[in-house]
Amino acid sequence: MKVFRKVLLSLVCGATLCSCTAPAQQESKADEDKNAVIETIMTRRSVRKYQPQAVNRDTMQIILECGINAPNAINKQAWEVRVVDNPEFINGITEIFKKVNPKMAEAPDFKNMFRNAPTVVFIANDTTFPFSQVDCGLMAENMMLSAWSMGIGSVCLGSSAHFINDTPEAAPYLEKLGFSENYKTLVCIGFGYPAETPAAKPRDKGKVKFVD
Ligand SMILES: Cc1cc2nc3c(=O)[nH]c(=O)nc-3n(C[C@H](O)[C@H](O)[C@H](O)COP(=O)(O)O)c2cc1C
């Protein structure tokens, strides 16, 4: 893990140094085939089938640290994060989910309500701070991309956040997460070692335009 951290740090430092290089050099770095960041972004996909074991906690620490290093408005860090890899928690709330959504649980590959992920990160935003949802979204993406750069799959889950917030029977689980007053679960992110390689979904390039 320490070796990996050293590699990660040297990559980060390398990237910092790159930002000081001449523009022409920076442009050549943007070549998709050679640039690790671009490759990670372009190959990440939402994963919904996982191997059963939880993500190694040392690896999760790196992912979480990448999360809290996301840009965020006035550095208020208007987020709270909880990590759950305890099967009792995940299976327990899934039993409640099954009762409320029996059809969804009938899917042949269904393992749990977090799209089968064995490790779940709950991100809550400070509902009193206007930019907190943006901050949490940026944090979530940092986590998912750093995870994928290490071969860890992920899926962002709005439905699971709604479920834990709004299902009375799930209240003991929400309480266990222990978010502070005024914080509300915004998204869950499932993480795990992938057991599928989904194809990219199409993107509409027409939504993006240069304005002269
Ligand atoms: C805010 C947000 C909420 C999402 N909620 C769910 C969800 O409840 N269930 C799910 O299976 N996927 C969910 N997704 C994943 C999207 O379906 C997925 O990112 C999108 O279809 C694009 O596919 P890709 O991630 O493979 O590129 C969510 C993604 C985001 C950003």
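Biologist: What are the conventions behind the model?

Modeller: In this predicted model, local features need pLDDT of at least 70 and side-chain atom pairs count only at pLDDT 80 or more, while totals for chains, interfaces and linings use all residues. Residues are numbered from 1 along each chain as its sequence is written, and side-chain values use heavy atoms, with hydrogens and water left out.

Biologist: What makes a segment a helix or a strand?

Modeller: Helices are DSSP runs of H or I with at least four residues, and strands are runs of E with at least two, numbered from the N terminus. By that rule the protein chain has eight helices and four strands, in the order α-α-α-α-β-α-β-α-β-α-α-β.

Biologist: Which share of the residues is called buried?

Modeller: Buried means under 20% relative accessible area, with a 1.4 Å probe and protein chains only. Of the 212 residues, 36% are buried.

Biologist: Why is a set of residues called a nonpolar core?

Modeller: The name applies because its members are buried Ala, Val, Leu, Ile, Met, Phe, Trp, Tyr and Cys residues joined through side-chain atoms within 4.5 Å. The largest such core has 26 residues; Phe89, Ile93 and Cys188 are among those touching the most other members. Helix H5 (87–100) is one of the elements supplying at least two residues, and H5 gives the most, five.

Biologist: How do you know what Cys188 touches?

Modeller: A contact means heavy atoms within 4.5 Å. Not counting residues up to four places away in sequence, the partners of Cys188 include Phe114, Val120, Phe122 and Val155.

Methods: Buried means under 20% relative accessible area, exposed over 50%, partly exposed in between (1.4 Å probe, protein chains only).
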